[in-house]
Amino acid sequence: KAANPGFTLSYDKLVVAIGAPPNTFNTPGVRRGVVNFLKEIDDARDVRRKLADLFETASLPGVSEEEQRRMLSVVVVGGGPTGVEFAAELHDFLRDDVPKLYPGLAEKARITVVQSADHILNTYDARISEYAESKFARDGIELVTNARVTEVRPNEASVMDKKTKKVTKIPFGVCVWSTGLGTHALARELKRQAGQNMRRRAIAVDKYLQVRGVRRTTGKPEMRGTVYALGDCADVKSKAATGTELLDRADELFALADADGNGTVDKDEFRAVMKSLEDKYPHLATFTKGGSDSRLTDIMDKFDVSKDAALNRTEFRAAMEEADALLTSHPSTAQVANQQGEFLARELNAQARAKKNGETVVYRPFEYTHLGSFANLGANKAALDLPGDFVSKGYGTMLLWYGVYFSNCVSWRNKFLVVGDWFKKSFWGRDSSRV
């Protein structure tokens, strides 16, 4: 190891694309070694290694049937696309490959999916959720919906029904945790240095993917293009490109609200500007709903850090940032991150060319185009949710899934490797060797 592994790098442009760790919701017992996450290649290897070890152990003489069933029980926490696709792929492995490798053990294996919402794949069209649930029921995959995991112990998960509050303990050999995204330590530090709202999960960026609150240190008044963020670590509002974020207009709105020109906004001024913006910015209804003076007073008290019954410019910006937090963000998917990466590459190259040619830099906002959502449901069946209320499911959709996956491989080398894996799986089954 180096004596001093830390080092400092200067930069002209900094792009933060560090992703996000799994969100454990501070559930007692949830940590690596007890549960398995599905975020990195090492996570997939850990799951594969643990399953291989459990099947080998369960096949040994002298292991009771009760212990075999416990070891071969897999609990998947999270019924989103990642959790559902893992459960579907694992079921295919148990159906197609395990009977050949470990005769008699496949029927003792059990897959349980725990979902906090009423349905799995609840971000998809309801028809896809229903199709996935009916397929899982036929496959023997147990669904525990409207429930949450309250504690995880080695080999046991405590699951509480959200309606009845009844707690059930589910034994497991493998527990896979796939419940959304948390905050990376570096992202948290960047938010702190930029003066952003620490309660928000991701780094707040504007419509150009530039981190809000970062200032140049060169003394130049122009401050664009210092630090960018994209992917799971960035919070990009879905309508940012249309100028719906109040924080972008905070200084202008402050000047508009400060009717008497004394440098602060009192309750009457705050109420007047909020009411005037309701139609253009519907999310402000959270502040002004019902027109209650007492509600506006509560808002004033919340952001009036100086306690002088008025908001200064900084406090007013904090109120606008709080309102913007209610706007819908782009989903944390590979499709969004891919479009952000391509957009930022084009923009940085265009800025470099403009600077080289002595031209004025033109900044363009990021606009996301949703191309649809796939879900692999196993047994060569998939579901597709396209814009415009179009839903497709079944074998034909799986063929389309293969085509889209193939086209998104970044090189011909990857294309051949992926297609080779598909053919190997079809003819000789999945490779179950320990890695």
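Gln340 is buried, because its relative accessibility is 1%, where buried means under 20% relative accessible area, exposed over 50% and partly exposed in between, with a 1.4 Å probe and protein chains only. This is a predicted model, so local features need pLDDT of at least 70 and side-chain atom pairs count only at pLDDT 80 or more, while totals for chains, interfaces and linings use all residues. Residues are numbered from 1 along each chain as its sequence is written, and side-chain values use heavy atoms, with hydrogens and water left out.

Gln340 sits in helix H12, residues 334-356; helices (H or I, at least four residues) and strands (E, at least two) are DSSP runs, numbered from the N terminus. Apart from neighbours within four places in sequence, Gln340 is in contact with Leu209, Leu230, Gly231, Val236 and Phe366, contact being heavy atoms within 4.5 Å.

Next, a helix pair. The axes of H7 (residues 250-257) and H11 (residues 313-324) come within 10 Å and cross at roughly 115 degrees. Those axes are lines fitted to C-alpha atoms, for helices over the stretch in contact, and angles run from 0 to 180 degrees between N-to-C directions. On the H7 side, the contact is made by Ala250, Asp251, Leu253, Phe254 and Ala257, and on the H11 side by Arg313, Phe316, Arg317 and Met320. These residues divide into 6 nonpolar, no polar and 3 charged, with Ala, Val, Leu, Ile, Met, Phe, Trp, Tyr, Cys and Pro counted as nonpolar, Asp, Glu, Lys and Arg as charged, and the others, Gly among them, as polar.

Last, cysteines. Cys175 counts as buried at 1% relative accessibility, and Cys409 is buried at 13% relative accessible area.
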